Amino acid sequence: MKRIGVLTSGGDAPGMNACLRAVVRRALYDGLEVMGIRRGYAGLIQGEFFPMTMRSVSNIIQRGGTILETARSQEFTTQEGRKMAALKLGEANVEGLIVIGGDGSFRGAHSLFMEWYIPVIGVPATIDNDIYGSDYTIGYDTAVNTALESIDRIRDTAAAHERIFLVEVMGRKAGFIALEVGIGGGAEEIIIPEVKTDLKAICARLKEGKKRGKTSAIVVVAEGDEAGGAFQIAEKIKASIGLDFRVVVLGHIQRGGKPSARDRVLASRLGAAAVRAINQGEKDKMVGVVNGKLVLTPLTDSWEKKKKLDKELYDLASILAK
Ligand code: F6P
């Protein structure tokens, strides 16, 4: 293999730049040429390629977002779109593609491999941490720390006003972010899609807490819970709770900012591992870290198998919230 392409796709995640840096520098170190592809699959279809050098990735390890930019491309979900993408890769003599993104991006990469036999390797990067085959995804640790910092601030005002706060965090259909910030932020309640939500019981526990002398409370809500987002839950519990409360949706704040040390290290390891894998002839796989070790997983497993949430942590949170 002489030349590879690299793109970032789907929602951006802090650490994508650190990963790009690792991909480019490891590839050049191994004697491969690298084409950067702008705007994810949208740019791939448009042929937005440019050669990357050691200097293209200088000074980006600490930056959030992605210098290649990213997109959610509708066109790439069609066979026609993927045909155009394969054509553009052929024209640019790109023999393998590294896709840094989440499961939607991996589904696209897998189809490109199945239809056009283009070797693809995925690198898991999403704040949601909802990808099987890696204990952690790039961006998750930073997002958790960002959300936690906000929750600490919210706790100050909650205590000052003796209020309950419902704080909604991201995570798509998974509760990884909510559980971790719930534990780290000492939340009284954590509402996540993996555990059936009993709003009556939650209200009763909050009232009980008040009786025990708790003057304020934080309820962390994962955006994907079946009971709804924080505003909907607030509407549902308003009448029964009889206590003063406020709602905060943290939103895209969780996606931006400098990557944490853990995310930079993870991104560097995974980016370099992706290059090694593609150069060794691996295809249709994802690189990940499981129990501290680098592993390869079939791309299809990354979304077909479900990464388990640590139920013990969830149970611990409710004990510690007393
Ligand atoms: O997958 C990352 C994520 O931030 C999710 O947590 C969230 O549900 C979604 O992306 C938001 O997507 P967008 O920024 O495209 O609205």
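User: Why is R155 called partly exposed?

Analyst: In this predicted model, R155 has a relative accessible area of 24%. Buried means under 20% and exposed over 50%. The value of R155 falls in between, so R155 is partly exposed.

User: What makes R155 and E188 a salt bridge?

Analyst: Their closest N and O atoms are 3.4 Å apart. The cut-off is within 4 Å, so the pair counts as a salt bridge. R155 sits in helix α5, and E188 sits in the loop between α6 and β7 (189-191), so the bridge ties together parts 33 residues apart in sequence.

User: Why does E188 count as buried?

Analyst: Its relative accessibility is 11%. Buried means under 20%, so E188 counts as buried.

User: How do you know that D130 and R172 form a salt bridge?

Analyst: The N to O distance between their side chains is 2.5 Å. That value is within 4 Å, so the pair counts as a salt bridge. The two residues are 42 apart. D130 lies in the loop between β5 (120-124) and α5 (140-161). R172 lies in the loop between β6 (164-169) and α6 (176-184).

User: Is D130 buried or exposed, and why?

Analyst: D130 has a relative accessible area of 19%. Buried means under 20%, so D130 is buried.

User: Why is the contact between R212 and E208 called a salt bridge?

Analyst: The closest N and O atoms are 3.9 Å apart. The limit is within 4 Å, so the pair qualifies. R212 is partly exposed at 45%, and E208 is partly exposed at 44%.

User: Which residues do salt bridges that share partners join into one network?

Analyst: The network consists of D103, R107, D128, D130 and R172. A search of the whole structure finds 20 salt bridges.

User: What makes the protein chain as compact as a globular protein of its length?

Analyst: The chain has eleven helices and eleven strands. Its radius of gyration is 21 Å, close to the 20 Å that the globule rule gives for 322 residues, so the chain is as compact as a globular protein of that length. Buried residues make up 55% of the 322 residues.

User: What share of the contacts between residues at least 6 apart in sequence join residues at least 24 apart?

Analyst: The share is 76%.

Notes
Residues numbered from 1 in each chain as written. Predicted model: local features only at pLDDT ≥ 70, side-chain atom pairs only at ≥ 80, totals over all residues. Heavy atoms only, no water. Helix = DSSP H or I, 4+ residues; strand = E, 2+ residues; numbered from the N terminus. Rg over C-alpha atoms; globule rule 2.2 N^0.38 Å. Buried < 20%, exposed > 50% of the residue type's maximum accessible area, 1.4 Å probe, protein only. Contact = heavy atoms within 4.5 Å.
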